[in-house]
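Open the model in your viewer and keep the sequence panel beside it. This tour goes from one selection to the next.

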Amino acid sequence: MGKVMGDIPFWYKRVGKDNMALDEHEAPISKMMYDLFLEHKRHATAANILNNKGYRTKRKSKFTGATVTTIIRLNRKRH
């Protein structure tokens, strides 16, 4: 039916009741996360670097290795 169900992925934002759009603030963080993972080959290292730079998840929590894993996997499925 084209409706947005559940949580919105990290790099998207809700637009209106039933749509999503790329979040201009979170999309570059998502790319940085992926680049950090490619460079260091560790999800936890990417999370630590993002946390040290002051970035937080959509829910204002610190990133964890598991969070980075989930976001990268979701990103791969969408592109």
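Two strands count as paired if DSSP finds at least two bridges between them. The model on screen is predicted.

**Stop 1: the strands.** Select residues 12–15, strand β1, and residues 19–22, strand β2. They pair in the antiparallel sense, over 4 bridges. Now pick valine 15. Which residue is the bridge partner of valine 15 in β2? The partner is asparagine 19.

**Stop 2: the turn.** β1 and β2 make a hairpin, with 3 residues between them. Select glycine 16 in this turn. Glycine 16 has a positive phi, about 70 degrees.

**Stop 3: two helices.** Select helix α1, residues 26–40, then α2, residues 43–52. Their axes come within 8 Å and cross at roughly 135 degrees. The two helices are therefore oblique to each other. The crossing of α1 past α2 is right-handed.

Next, show the side chains of the contact. From α1, select Ile29, Met32, Met33, Leu36, Phe37 and His40.

**Stop 4: a loop residue.** Go to the loop between α2 and α3 (65–78), and select threonine 57. Is threonine 57 buried or exposed? Its relative accessible area is 13%, and buried means under 20%, so threonine 57 is buried. Now display what touches threonine 57. Leaving aside neighbours within four places in sequence, threonine 57 is in contact with Phe10, Lys62, Phe63 and Thr67.

Notes. Residues are numbered from 1 along each chain as its sequence is written. This is a predicted model: local features need pLDDT of at least 70, side-chain atom pairs count only at pLDDT 80 or more; totals for chains, interfaces and linings use all residues. Side-chain values use heavy atoms; hydrogens and water are left out. Buried means under 20% relative accessible area, exposed over 50%, partly exposed in between (1.4 Å probe, protein chains only). Contact means heavy atoms within 4.5 Å. Axes are lines fitted to C-alpha atoms, for helices over the stretch in contact, and angles run from 0 to 180 degrees between N-to-C directions. Angles under 35 degrees count as roughly parallel, over 145 as roughly antiparallel, 65 to 115 as roughly perpendicular and the rest as oblique. A crossing is left-handed if the near helix is turned anticlockwise from the far one by less than a right angle, and right-handed if clockwise.
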